[in-house]
Amino acid sequence: MTTALAAEAAHSTDPKVFKDKMNEVTKDGTKCNTFATCKKLLDDGKDIDYDGVSGPLDFQESGEPGKTTIEVFGYDKLGKLKTLSTKESSIS
């Protein structure tokens with residue numbers, strides 16, 4: 001998703017051009033979480049902050065995600081899988 005959004009933001013399908021937009025589309029803009037919503041914002045000239053299904057990404061300068069969402073799972077008395085806790089982690 002971030003690759004497609006970076007290409008849209010750069011108005012180019014050339015990786016040499018859109019690679020510079022990879023970090024930009026994941027932080028410091030208007031929050032969005034689907035391609036259609038994010039593309040509409042880009043088409044309207046907005047800066048976007050794509051948050052994936054797993055949560056915020058906030059890519060760092062190195063191109064690695066700077067945030068992640070961690071879920072701890074367990075089983076209830078009937079053996080049904082359930083989420084015990086959800087934590088958001090930031091990497092500085």
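This briefing covers the overall build of the protein and one of its helices. The model is predicted: local features need pLDDT of at least 70, side-chain atom pairs count only at pLDDT 80 or more, and totals for chains, interfaces and linings use all residues. Residues are numbered from 1 along each chain as its sequence is written, and side-chain values use heavy atoms, with hydrogens and water left out.

**Overall build**
- The protein has 3 helices and 4 strands, taken as DSSP runs (H or I, at least four residues, for helices; E, at least two, for strands) numbered from the N terminus.
- Read from the N terminus, the order is α-α-β-α-β-β-β.
- The radius of gyration, taken over C-alpha atoms, is 16 Å, well over the 12 Å that the globule rule gives for 92 residues, so the protein is more spread out than a compact globule. That rule is 2.2 Å times the number of residues to the power 0.38.
- Along the principal axes, the C-alpha atoms fill a box of roughly 55 × 30 × 20 Å.

**Burial**
- Of the 92 residues, 30% count as buried, meaning under 20% relative accessible area with a 1.4 Å probe, protein chains only.

**Helix α3**
- Helix α3 spans residues 35–43, and C38, L41 and L42 are buried in it.
- Seen down the axis of α3, the buried residues fall within an arc of 100 degrees, so they line one face of the helix; the arc is that of the directions from the helix axis to the C-beta atoms.
- The cover over these buried residues includes α1 (2–10), β1 (30–32) and β2 (48–50).

Methods. Buried means under 20% relative accessible area, exposed over 50%, partly exposed in between (1.4 Å probe, protein chains only). Contact means heavy atoms within 4.5 Å.
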